[in-house]
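Please go through this structure with me, and for each label that is used, set the value against the definition behind it.

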Amino acid sequence: MVATAAVENTTRRTRGARPQRREGAAKAKGVPYIQRNIPTYDILSEENLQKIERTADRVLAEVGIEFRDDPAAIELWRRAGAKVDGLLVRFEPGMLNEIVATAPAQFTQHARNPANNVEIGGKNVVFSPAYGSPFVMDLDKGRRYGTIEDFRNFIKLAQSSPWLHHSGGTICEPVDVPVNKRHLDMVYSHIKYSDRAFMGSITAEERAEDSIDMARVLFGADFVDRNCVILGNVNVNSPLVWDGTMTKSLRAYARANQAAVIVPFILGGAMGPVTNAGAIAQSYAETLAGCALTQLERKGAPVIFGNFLSSMSLRSGSPTFGTPEPAIGSMVIGQLARRLNLPLRCAGNFSNSKLPDGQAMQEGLMSMLSAVHCGANFILHSAGFLDGLLAMSYEKFVMDADLCGALHSYLAGVTVDDNTLAMDAFLEVGPGSHFLGCDHTMRNYQTAFWDSTLSDNEPFEKWSEEGGSTDIATRANRQWKKTLAEYEAPPLDEAIDEALCDYVERRKAGMADAWY
């Protein structure tokens with residue numbers, strides 16, 4: 001009877017504390033980035049890694065890469081000693097590896113709040129929201145085109161989460177703003193509604209320059225010239241084409257000493273070989289060329305080695321996401337990036353599901369764990385990705401952010417010290433009793449386990465009678481609304497705010513609206 005009473009009393013105490021813990025978890029100030037305490041998962045032998053590198057060398061030397069609509073890039077390659085034949089550029093084995101050796105293995109991206117600076121590279125992990133969706137969706141209004149209000153809402157949700165570290169970039173396309181002007185509103189919104197690091201535009205060279213100029217207004221021109229304060233995410237036109245829109249933008253970022261994220265997007269069987277090893281070799285070649293071009297533009301500029309492998313349904317031609325082949329391929333990409341000593345962006349929380357459902361979380365977890373285990377330093381698409389990146393989901397955003405919280409604990413590994421070995425608990429409890437009320441449990445229970453703000457762990461009866469039998473998407477719907485209702489913008493210096501608004505107004509006034 002005594003033992004039973006002790007269990008009941010302790011259970012009441014710990015359950016009574018649970019709402020406070022959950023509320024605290026939701027409002028807690030998170031760490032600015034994660035320092036991983038678990039090893040990467042290296043799956044390929046040295047022999048097989050060399051086979052992939054040699055294949056990439058052959059592709060670069062025998063097939064080559066086209067650089068379209070950017071004569072300045074062609075001239076940089078010619079001066080560097082590449083073989084140039086019109087738009088086609090070929091590279092001798094080892095040439096690009098030598099060029100990228102000047103890029104930093106790790107760098108700081110500064111935020112307007114220095115407490116939120118992120119370290120990119122090494123053993124550091126940075127979670128950033130998904131990027132690039134034209135549509136948004138929620139359980140109330142369904143799927144629709146994104147607006148600048150949606151864009152700002154997702155910035156606010158990211159800023160409010162203790163489990164995300166970065167404000168991201170084009171979280172969704174605000175299609176209610178002209179194409180040639182929306183980058184100004186997007187960059188301003190990141191600065192206004194978040195005090196975390198952010199990304200700029202890459203859809204045209206002048207839009208990249210605008211993004212960097214706005215960062216100069218925020219941080220000061222001299223500071224920007226010496227430090228990374230903005231990222232630009234640029235994509236290869238696979239297979240084996242770099243177009244001028246992307247190379248001009250990546251050179252603009254490098255010229256300003258800002259970091260370009262170099263990312264091929266390869267659908268196996270469409271933009272690359274259907275086999276994993278061949279797709280990896282292709283992506284390695286394409287990314288390496290982009291990284292090297294940043295160093296030709298400005299030696300020592302920060303750059304991130306990126307990758308986006310995906311599969312497709314060979315019956316229909318539709319892209320598929322969160323499948324095992326790209327996930328395991330990410331492990332190899334991680335090994336290759338570490339051999340180059342470059343920071344890595346790889347994988348993320350991918351799903352082709354149309355709803356924030358079991359398929360979404362199954363596919364998302366498959367790809368997100370591949371990002372964690374491959375050693376990715378900057379994980380774009382950490383929250384919100386749905387419908388093959390065609391839609392940003394409000395509910396999935398907070399569900400994914402919750403998963404990111406779990407991954408904080410996962411990446412922390414296992415601490416081994418006098419407290420965690422718990423010898424005092426063994427001595428106090430002895431054989432045949434329980435640990436619920438012992439001193440060691442009471443000292444550690446608030447921090448021992450990560451506690452989800454969304455999952456329901458109560459008995460079935462309490463879930464059905466008091467909780468309304470809700471699923472996690474319904475609970476996520478309530479949470480994002482509550483978060484937005486309670487959101488408070490971080491303070492921004494009035495003079496800087498005025499200068500940014502003036503810059504945006506002047507740039508908009510200088511051009512007619514364009515919707516292309």
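This is a predicted model: local features need pLDDT of at least 70, side-chain atom pairs count only at pLDDT 80 or more; totals for chains, interfaces and linings use all residues.

Q: What is the class of S469, and what makes it so?
A: S469 has a relative accessible area of 37% and is therefore partly exposed. S469 lies in the loop between α17 (460-465) and α18 (472-486), and its phi is near 55°, a positive value in a residue other than glycine. Helices (H or I, at least four residues) and strands (E, at least two) are DSSP runs, numbered from the N terminus.

Q: Where is L389 placed, and what is its phi?
A: L389 is in the loop between β18 and β19, and its phi is near 75°, a positive value in a residue other than glycine.

Q: What makes β9 and β18 edge strands?
A: Two strands pair if DSSP finds at least two bridges between them, and four strands form an open, mixed sheet in the order β9-β8-β19-β18. β9 (142-145) and β18 (385-386) each have a single partner strand, so one side of each is left without a neighbour in the sheet. Two bridges join β18 to β19 (residues 391-393), and these strands run antiparallel; F385 stands opposite M392 in β19.

Q: Why is α6 called roughly antiparallel to α19?
A: Helix α6 (residues 179-193) and helix α19 (residues 494-509) pack at an angle of about 175°, with their axes 10 Å apart. Angles under 35 degrees count as roughly parallel, over 145 as roughly antiparallel, 65 to 115 as roughly perpendicular and the rest as oblique, which makes α6 roughly antiparallel to α19. Residues that meet across this pair (contact means heavy atoms within 4.5 Å) include Y188 in α6 and Y503 in α19.

Q: How does the radius of gyration of the protein chain stand against that of a compact globule?
A: The rule for a globule is 2.2 Å times the number of residues to the power 0.38, and the radius is taken over C-alpha atoms. For 516 residues a compact globule would have a radius of gyration near 24 Å, and the protein chain has 24 Å, which agrees.

Methods. Residues are numbered from 1 along each chain as its sequence is written. Side-chain values use heavy atoms; hydrogens and water are left out. Axes are lines fitted to C-alpha atoms, for helices over the stretch in contact, and angles run from 0 to 180 degrees between N-to-C directions. Buried means under 20% relative accessible area, exposed over 50%, partly exposed in between (1.4 Å probe, protein chains only).
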